[in-house]
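Please look over the sequence and the model below before reading on.

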Amino acid sequence: MSSGNAPPLDRLVKALTSTISLKIVMAVTGIAGAGFVIFHMLGNLQMFLGREAYNTYAEFMQNLGELKWVARLGLLGILFGHVSTAVLLVQRNTAARPEGYYTQKRKRTSVAAVYMAQLGIVLLLFIIYHILHFTGGMIHTDLGYELVEMGPNGARRDLYTHVINSFSNPLIALTYVAANLALALHLAHGATSMFKTIGFGVGRWKVPVEAIGPAFGVIVGLGNISMPIAVLTGVIGAN
Ligand code: HEM
């Protein structure tokens, strides 16, 4: 039976799970994830302004109440959509790969493009570790998760000291550096790929779109890596 004669529900499922639909889900969830990463990085970079600025920012985020839970659920949905779609696309690519693929001449491509799935797995593991560490306080429990200080509005979490204590441990700091290198590579390829999926990447857009991913990867990578390195080297300290 041709798909034109299939029942409407079957046709809908087929359309929603077509490779192009999945790629659009990857692009949309990727854009949303990239937006969070930028916002999160700008918030965290305030640690360069000192304890007061960073803890005030953290207090503002903590006090968002229900909005914080809406954002967390949204982030979880984005992550689930991105990862499950990636799994489906990788399965399809593997199934469609012709015999003798590896003997054929490889298309000229980047390291990031070849290892997108592996980089994604590293990032997923990092996110779990990171949330257990800073949000949950379930690991590295001796580094100050429970600390509070007096702010203008009363007692508040001293997240600044928790972050400084954490990144003063070279193993933790280097784990963050490594994870953010993986993030930089993932974004370098992902951001360009995203724009191509939504139709930019031809004609006069081709060159800027090829450049935007690597530029984004470098900005986010440098921004995030600067924090553990600044603590390790004593540029940011306990005071
Ligand atoms: C050096 C880089 C980073 C630093 C210093 C940092 C710092 C933090 C801190 C302190 C928190 C806890 C906030 C709180 O409990 O109020 C947090 C939460 C979080 N971070 Fe990061 N982060 C970094 C990189 C990243 C990256 C690269 C990602 C994702 C790819 C990420 C994703 C998250 C998520 C999802 C949460 C949980 C948010 C929530 O519970 O509301 N972080 N981060």
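## Helix α7 and its cover

The model is a predicted one, in which local features need pLDDT of at least 70 and side-chain atom pairs count only at pLDDT 80 or more, while totals for chains, interfaces and linings use all residues. Residues are numbered from 1 along each chain as its sequence is written, and side-chain values use heavy atoms, with hydrogens and water left out.

**The chain as a whole**

- The chain holds nine helices and two strands, where helices (H or I, at least four residues) and strands (E, at least two) are DSSP runs numbered from the N terminus.
- Read from the N terminus on, the elements follow the order α-α-α-α-α-α-β-β-α-α-α.
- The C-alpha trace spans about 70 × 40 × 35 Å along its principal axes, and of the 239 residues in the chain, 32% are buried.
- Among contacts (heavy atoms within 4.5 Å) with a separation of 6 or more, 70% are between residues 24 or more positions apart.
- The accessible surface of the chain, from the Shrake-Rupley method with a 1.4 Å probe and, for residues, with only the protein chains shown counting as cover, comes to about 14,800 Å², and carbon and sulfur atoms account for 70% of it.

**Nonpolar cores**

- A nonpolar core is a set of buried Ala, Val, Leu, Ile, Met, Phe, Trp, Tyr and Cys residues joined through side-chain atoms within 4.5 Å; the largest one here has 21 residues, of which Met47, Tyr54, Val163, Phe167, Tyr176 and Ile236 touch the most other members.
- Two or more residues of this core come from each of α3 (51-62), α6 (116-135), α7 (159-167), α8 (170-197) and α9 (206-232), and α7 gives the most, with five residues.
- Apart from this core lies another, made of twelve residues, among them Val37, Leu119, Leu183 and Leu187.
- When neighbours within four places in sequence are left aside, Ile236 is in contact with Met47, Phe48, Tyr160, Ile164, Ala230 and Val231.

**Helix α4**

- Helix α4 (residues 66-96) has 31 residues and should span 45 Å at 1.5 Å a residue, which agrees with the 45 Å between its end C-alpha atoms, because the expected span of a helix is 1.5 Å times one less than its number of residues.
- Lys68, Gly81, Thr85 and Leu89 are buried in α4, and the buried residues of this helix pack against α2 (19-44) and α3.

- Glu59, which is found in helix α3, is buried because its relative accessible area is 12%.
- Leaving aside neighbours within four places in sequence, Glu59 is in contact with Asn153 and Arg156; from Glu59 to Asp158 the C-alpha distance is 9.1 Å, although 99 residues separate them in sequence.
- Asn224 lies in helix α9 and is buried, with a relative accessible area of 14%.
- Not counting residues up to four places away in sequence, Asn224 touches Met41, Asn180 and Leu183.

**Partly exposed residues**

- Ile212, also in helix α9, is partly exposed, with a relative accessible area of 37%, and it touches Thr192 and Phe195 when residues up to four places away in sequence are not counted.
- Val13 is found in helix α1 (residues 8-16) and counts as partly exposed because its relative accessibility is 45%.
- His140 lies in the loop between α6 and β1 (148-151), where it is partly exposed, with a relative accessible area of 25%.
- Phi of His140 is near 50°, a positive value in a residue other than glycine.

Key
Buried < 20%, exposed > 50% of the residue type's maximum accessible area, 1.4 Å probe, protein only.
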